[in-house]
Amino acid sequence: MTPLVVIGKSGQLAWEIARLIPDAVCLGRDDIDITSDSSISDTLEPLAPGAIINASAYTAVDNAETDEANAYLLNQTAVAKLAQYCKDQQVFFVHVSTDYVFNGEKGAPYTVDDLIEPQGMYGKTKAAGEAEVIGILPEKSAIIRTSWVYSSHGNNFVKTMLRLMVDKPQLGVIDDQIGSPTWAKGLAQACIEAATGQLAGVFHWSDEGVCSWYDFALAIQQFGIDKGLLDSRIPINPIPSSAYPTPATRPHYSVLDKTLSRSSYKTPLIHWRKQLCAMMNELK
């Protein structure tokens, strides 16, 4: 029996889970076709997983606006098939979701019970996936919503900012979108705890504290200089979302209320600045 199977081998979250649980089996698109019932059963049955963490998703937020069919295929259809397999085999299922299921207009942290009202196609497909999990196996699943995920592995805002701070004379960064960054390592620990402890329900997980993308960029620059990842400081200017139009609408405010996670998980919630500092020590 395999204690843990992770769907989505190449992403930040799966990479962090594999570092924490070396005997976890991480499956990528070359290993399993999660849009195919037969591929799911043929691949998973020999492994006999104790729990499955779904860390795969269609995450190209802007592309989803015009690539609706593929976004739904990965974020709803595949999720439903994985959930059904878990129900049939009595396997606990952890599914990772997003702050984009909310409309971003509340102005206070979103609780797990707040109205689901996604604004863009990415959020709509992720909300549809959540609904499948809840409909198929509510008693043996955890949905963990997160936001602004980054890691020392893969592509993300932190590594992009560090690169641009070397290449550009100055930067403009959006200051009217408010949320909470999440180091994928902490999220991985929460997913593992949910899987091994069979913590069923809908949970929110991001690092503690609140910031704008502009605040986040300033901190990245400061820590980058402190840790020798950057040689010099460049001007970083706050800009409104209207100055950087994108195909998909981003939530203006997507802070997640983590009250339930604080009472349910042993994994500690840590402030985003402390987590960013730890991640950048890894980059160093």
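Student: Where is the kink in α3 centred?

Tutor: Keep in mind that this is a predicted model. In α3 the kink is centred on Leu74, with an angle of about 30 degrees.

Student: And how many residues does α3 have?

Tutor: Helix α3 has 22 residues, covering residues 68–89. From its first C-alpha to its last it reaches 31 Å, close to the 32 Å expected at 1.5 Å a residue.

Student: Which residues of α3 are buried?

Tutor: The buried ones are Ala71, Asn75, Ala78, Val79, Ala80, Leu82, Ala83, Tyr85 and Cys86.

Student: What follows α3?

Tutor: Gln90 does, and its phi is positive, near 55 degrees.

Student: Let's switch to Val5. Is Val5 buried or exposed?

Tutor: Val5 counts as buried because its relative accessibility is 0%. Val5 belongs to strand β1.

Student: Which residues does Val5 touch?

Tutor: Leaving out residues up to four places away in sequence, Val5 touches Val25, Leu27, Leu44, Leu47, Pro49, Ala51, Ile52 and Ile53. Take Ala51: Val5 and Ala51 are 46 residues apart in sequence, yet their C-alpha atoms are 6.4 Å apart in space.

Student: New topic, rings. How many aromatic pairs are there in the whole structure?

Tutor: The search finds 11 aromatic pairs. In one of them, Phe157 and Trp213, the ring centres are 4.7 Å apart and the planes are at 55 degrees, so that pair is tilted.

Student: Why does the pair of Phe157 and Trp213 tie together parts apart in sequence?

Tutor: Because Phe157 lies in helix α5 (residues 157–167) while Trp213 lies in helix α7 (residues 213–226), and those parts are 56 residues apart in sequence. As for accessibility, Phe157 counts as partly exposed at 21%, whereas Trp213 at 17% counts as buried.

Student: What about Trp213 and Phe216, how are their rings arranged?

Tutor: Trp213 and Phe216 form a tilted pair, 6.2 Å centre to centre with 40 degrees between the planes. Both lie in helix α7, 3 residues apart, about one turn of the helix.

Student: Which residues do ring pairs link into a cluster?

Tutor: The cluster holds Trp148, Tyr150, Phe157, Trp213, Phe216 and Trp272.

Student: Last one: which ring does the charged end of Lys106 sit over?

Tutor: That of Tyr110, with the charged end 5.6 Å from the ring centre.

Technical notes:
Residues are numbered from 1 along each chain as its sequence is written. This is a predicted model: local features need pLDDT of at least 70, side-chain atom pairs count only at pLDDT 80 or more; totals for chains, interfaces and linings use all residues. Side-chain values use heavy atoms; hydrogens and water are left out. Helices (H or I, at least four residues) and strands (E, at least two) are DSSP runs, numbered from the N terminus. The expected span of a helix is 1.5 Å times one less than its number of residues. The bend at a residue is the angle between axes fitted to the seven residues ending there and the seven starting there. Buried means under 20% relative accessible area, exposed over 50%, partly exposed in between (1.4 Å probe, protein chains only). Contact means heavy atoms within 4.5 Å. Rings of Phe, Tyr and Trp (its six-membered ring) pair if their centres lie within 6.5 Å; planes under 30 degrees apart count as stacked, over 60 as edge-to-face and the rest as tilted. A charge sits over a ring if NZ of Lys or CZ of Arg is within 6 Å of the ring centre and within 35 degrees of the ring normal.
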